[in-house]
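Me: Can you walk me through this one? I'm new to reading structures.
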Amino acid sequence: MLIPVVLFAVGLVLLIKGGDWFVDGAVGIARRFHLPELLIGATVVSIGTTLPEVMVSATSAVSGHSQIAYGNAIGSVICNTALICALSATIRPTKVNKNTLKLPIAFFFIAAVFYAVIAYTTGRFSRPVGIILLAIFVIYIVVSIRQMKAHPEMAEELIEETGEGKKDDPVWKMILLLIIGAVLITIGARFLVNNGTLIAEALGVPESVIALTLVALGTSLPELVTAISALAKGHSALSLGNVIGANLFNLVLVCGVSATLTPFSIPANSTIGGFNSSLVVELPVMFAVMIILAVVPLVKGKMKRLQGIILLAIYAAFCVYQFALA
C-alpha cells in the first residue's frame, strides 16, 4: 500500500512540474517567433493548467478506467470552484470585471447543460458527443481571440500576471522545456491513474470516488498554485477568471478528448432512491457551486467572503459524503 501512495504522490509532482515547464516552453517559443500575445493568452496559458486533467482522463479512458476519466472532470470543476475560488473569496474578497467573466461563464453553462442532457438521457459519452465537446472548445477559443482583439489588455494582463515565458531564453532551452514538460505530464498521468486505481482497490473505494476527490484535487493543484500566487500579488480576480476557464476546459476538452478516444458510460457504483448517485449528487453539486460562484460577481461586480465560506462548506460536505457513501 505504501508504494502506490508514494508513486501517486510522485505522479502529482510530475504533473505539476511538467505542466509548468510545458507552458513556459510553449509561451517562450510563441514569443520568440512573435506570435500575438492575445493568441498566447487565449490558448497556451489558458490550456496549460488543464493539461494534467487532460492527460489523466485520456490515459484513464484508453486504459479502461472510465470511472476516473468521468470523475476527474466533474471532480475538478467542483474542486476548482468550491475549494480554490472559495479560498480566494474567503481570504481576499475583491472586485472583478464583469465583462471579462461573461464569456467563460456563458460557455461553461452552455457546455454544462449539453453535458447534463447527455448524462441524464443516455448515460453514455459516445465518440460523436466527444467531438461536439471538442467543437465547443474550438468555438470558445475562436471567440476568445476575437474578444481579446477588441480588448488586448486582457491577454497582456494574463501573460504578465502568470509570468509565463521568457523571450530572452535561447530557443533550444524553450524546446527542451517543452519536451521535458510533455514527458513529465505523460509519466505523471500514468503514475496517478495506475496507483490511484490500486489505492482504490486496497481501500475498497470505487474508482469514481478516488477520481472525484483525490485525483481531482491533485490535477487541480496547478490552478491552486496560480490562485495562491495571484492572491499574494493582490490579483485574486485573475484567479477567478482562470478557474472559470479551467472549469470549461474540464468539460469540453478533458471529457471531449476522453470520449473521442474511448467512449465511456457514467459510473453506476451506487444509487439514491433508485437513481444513479452521480446524477443525483455530483452533477447537481457542480451546477450549484458554479451558480453560487457566478451570480454575485456578475450582479455585484465583486466576490463576497460569505460566498467563499458557503462554497468551502459545500466542498467539505461533498468529500465527506463521497467517502461515507463508499
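Predicted model: local features only at pLDDT ≥ 70, side-chain atom pairs only at ≥ 80, totals over all residues.

Me: Start with H3. Is that helix largely enclosed or exposed, and why?
Reply: H3 is largely enclosed by the rest of the structure, because 10 of its 12 residues are buried. Buried means under 20% relative accessible area, exposed over 50%, and partly exposed in between (1.4 Å probe, protein chains only).

Me: Which residues are buried there?
Reply: Among them are Leu-51, Pro-52, Val-54 and Glu-53.

Me: What comes just after H3?
Reply: Gly-64, with a positive phi of about 90 degrees.

Me: New topic. Which residues form the positive surface patch?
Reply: Lys-95, Lys-300, Lys-302 and Lys-304 form that patch. Patch residues have over 30% relative accessible area and no salt bridge; like charges are joined within 9 Å, and nonpolar side chains (Val, Leu, Ile, Met, Phe, Trp, Tyr) within 5 Å. A salt bridge is a side-chain nitrogen of Lys or Arg within 4 Å of a carboxyl oxygen of Asp or Glu.

Me: Where is Lys-300?
Reply: Lys-300 sits in helix H12, residues 277–300. Lys-300 is exposed, at 57% relative accessible area.

Me: And what makes the nonpolar patch?
Reply: Ile-175, Ile-179, Val-183 and Ile-187 make a patch of about 310 Å². Ile-187 belongs to helix H8, residues 171–203. Ile-187 counts as partly exposed because its relative accessibility is 35%.

Terms used
Residues numbered from 1 in each chain as written. Heavy atoms only, no water. Areas by Shrake-Rupley, 256 points an atom, 1.4 Å probe, with all protein chains shown as cover. Lys, Arg positive; Asp, Glu negative; His and termini not counted. Charge placed at Lys NZ, Arg CZ, Asp CG, Glu CD. Helix = DSSP H or I, 4+ residues; strand = E, 2+ residues; numbered from the N terminus.
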